[in-house]
Amino acid sequence: MRHVAIVGSGPAGYYTAETLQKADDIAVDVIDRLPVPYGLIRTGVAPDHQSIKAVSRRYEGVALTDNVRFVGHVAVGTDVSIDELVVLYDAVVLATGAPNDRPLDIAGADRPGVIGSAAFVGWYNGHPDFADLNPPLDAPGVAVIGNGNVALDVARILAKTPSEFAGSDIVAHARTALAASGVRHIHILGRRGPHQIAMTPKELGELAHLERASPRVDPADLPDEGDDALLEPGMRKSVTHLRSFAANPVAKPVTIDFDFFAMPVAIEGSQENGGRVRRVIVEKTALDADLRSHGTGETYAIDAGLVISCIGYQTPPIPGVPYEHGRGRFANDEGRILPGLYCVGWARRGPSGTIGTNKPDGARIAEMVLDDIGRGAGKAGRPGLDALLASRGVAPVTFRDWRRIEAAEVAAALDGNPREKFTSVEAMLAAIGR
Ligand code: NAP
């Protein structure tokens, strides 16, 4: 029997398990620190993007196969170390994603009211680590920093009315807070221009159909229309959306302004409000020949009671595991980190691509693992992990337990939302009598 442990039960983890489980004579353990599976699908993908979240049914199919096991509520690094896993399994695959924000390195970034997208997205998606975030939504101005899809998710969620969350799995605490929100002016700050955005057309197009909010682009920021022909087709579609926002400004109570060539350089606060953010100082930029931005010296201020930094994520380092600091991911050679230790998905590539990008990635790493481990080295595998955890008083949550948690979430739905989720580990464990 060959034994493989996958650390992380998000898309990269389950796509890797999907290919591995088709091999003969293999046992795959998918380990997660939370008692619930699916990682980014549950707590990262926007709650109003249910069609993307539906992919979890595919992962469920993998989880229910005989040779794959979910090992929930087991923290690698605390309950069991990577070194121990490498001794127990023929291969250990780190599919831990990139859950930490890249730091916003400007004066005032530590002020109250400045938060990273990992925390904000986790909050509206019910991640237990961020359930108590309580982001301040009382001031009219919000600055969203970054020009990627996460910035779009964050701006859209801030702009939506309660009825626009129908059918979503936004958690009750966020739905209630957003319903009472005083946010009226959302600025999306991009340090470069419309041709340098990292936003996809579908997500940009959604902004044109919001009930009470309208996107605005300053026509002066747009490059010559003829230059769009040089863009790849997806990007051209995205820029076409920006052109239509510029050409057809619609008056609605909430505005979403795209501030291009706008680099935040400082965040100012007010003494009387505990130092909480009051405004963001932005420097206008220009692009050099390599399309990098540099400051022009011209500045302006945006009033904001909340700043959400959406400038990308990084994988948390694990002591003893080689790490590439500049890129925020494990140091690896096409997925190989050290003998017996691999990485996949965002932990391997850095935080890029869509959920689907992880499918070929997972398949490739699984094939590599199968090649490397051959028929296996007679390692202890599952029984070995079970014995070790039992000796430490750690009782894993099984996939069957998860199904009971899921059923209890539906039954406990606070205001009748059948997609409601528990937002604390305690509530999850209570649902299975622990
Ligand atoms: P991203 O796509 O890498 O975008 C990060 C943005 O932050 C870029 O616009 C970047 O600008 C900007 N930035 C970086 N450092 C900055 C700084 N110091 N100051 C100001 N701006 C800075 O990252 P993301 O939005 O977090 O998305 C992560 C991945 O998830 C992406 O692949 C994304 O497509 C995917 N995703 C997909 C969906 C979807 O398909 N619906 C939803 C959410 C996320 P520069 O270009 O100038 O560096």
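1. The ligand is surrounded by 21 residues, and the closest are Asn-147, Arg-191, Arg-192, Glu-203 and Gly-353. A residue counts as near a molecule or strand if one of its heavy atoms lies within 4 Å of it. The model is predicted: local features need pLDDT of at least 70 and side-chain atom pairs count only at pLDDT 80 or more, while totals for chains, interfaces and linings use all residues. Residues are numbered from 1 along each chain as its sequence is written, and side-chain values use heavy atoms, with hydrogens and water left out.

2. By class, the shell around the ligand holds nine nonpolar, seven polar and five charged residues. Here Ala, Val, Leu, Ile, Met, Phe, Trp, Tyr, Cys and Pro are counted as nonpolar, Asp, Glu, Lys and Arg as charged, and the others, Gly among them, as polar. Helix α7 (residues 149–159) gives the most to this shell, with three residues. Helices (H or I, at least four residues) and strands (E, at least two) are DSSP runs, numbered from the N terminus.

3. A ligand oxygen atom lies 3.0 Å from a polar backbone atom of Asn-147, and an oxygen atom of the ligand is 3.1 Å from a polar backbone atom of Val-150. On the side-chain side, a nitrogen atom of the ligand is 2.9 Å from an N or O atom of Glu-203. The protein covers 80% of the 920 Å² of accessible area that the ligand has on its own. Accessible areas come from the Shrake-Rupley method with a 1.4 Å probe; for residues, only the protein chains shown count as cover.

4. An open sheet of six strands runs in the order β3-β2-β1-β4-β19-β18, with mixed pairing. Its edge strands are β3 (68–71) and β18 (336–338), each pairing on one side only. The twist averages 25 degrees from one strand to the next. For such angles, axes are lines fitted to C-alpha atoms, for helices over the stretch in contact, and values run from 0 to 180 degrees between N-to-C directions. Within this sheet, β4 (residues 91–94) and β19 (residues 341–343) pair in the parallel sense over three bridges, and Val-92 stands opposite Leu-341 in β19. Two strands pair if DSSP finds at least two bridges between them.

5. An open sheet of three strands has the order β11-β12-β13, with antiparallel pairing. The edge strands are β11 and β13, each pairing on one side only. Strand β11 (residues 262–269) pairs with β12 over seven bridges, and Pro-264 stands opposite Val-282 in β12.

6. Strands β12 (residues 277–287) and β13 (residues 293–303) are joined by eight bridges and run antiparallel. They form a hairpin with five residues between them, and Leu-291 in the turn has a positive phi of about 65 degrees. Facing residues include Val-280 with Ile-302 and Thr-285 with Gly-295. Ala-286 has His-294 in β13 as its bridge partner.

7. The count of salt bridges comes to 32, each being a side-chain nitrogen of Lys or Arg within 4 Å of a carboxyl oxygen of Asp or Glu. One joins the side chains of Glu-409 and Arg-42 (2.6 Å, N to O). This pair links distant parts of the chain: Glu-409 is in helix α14 (residues 399–411) and Arg-42 in helix α2 (residues 40–43), 367 residues apart.

Notes. A polar contact is a pair of N or O atoms within 3.5 Å; within protein, one must be able to donate a hydrogen and the other to accept it, and residues adjacent in sequence count only if both atoms are side-chain atoms.
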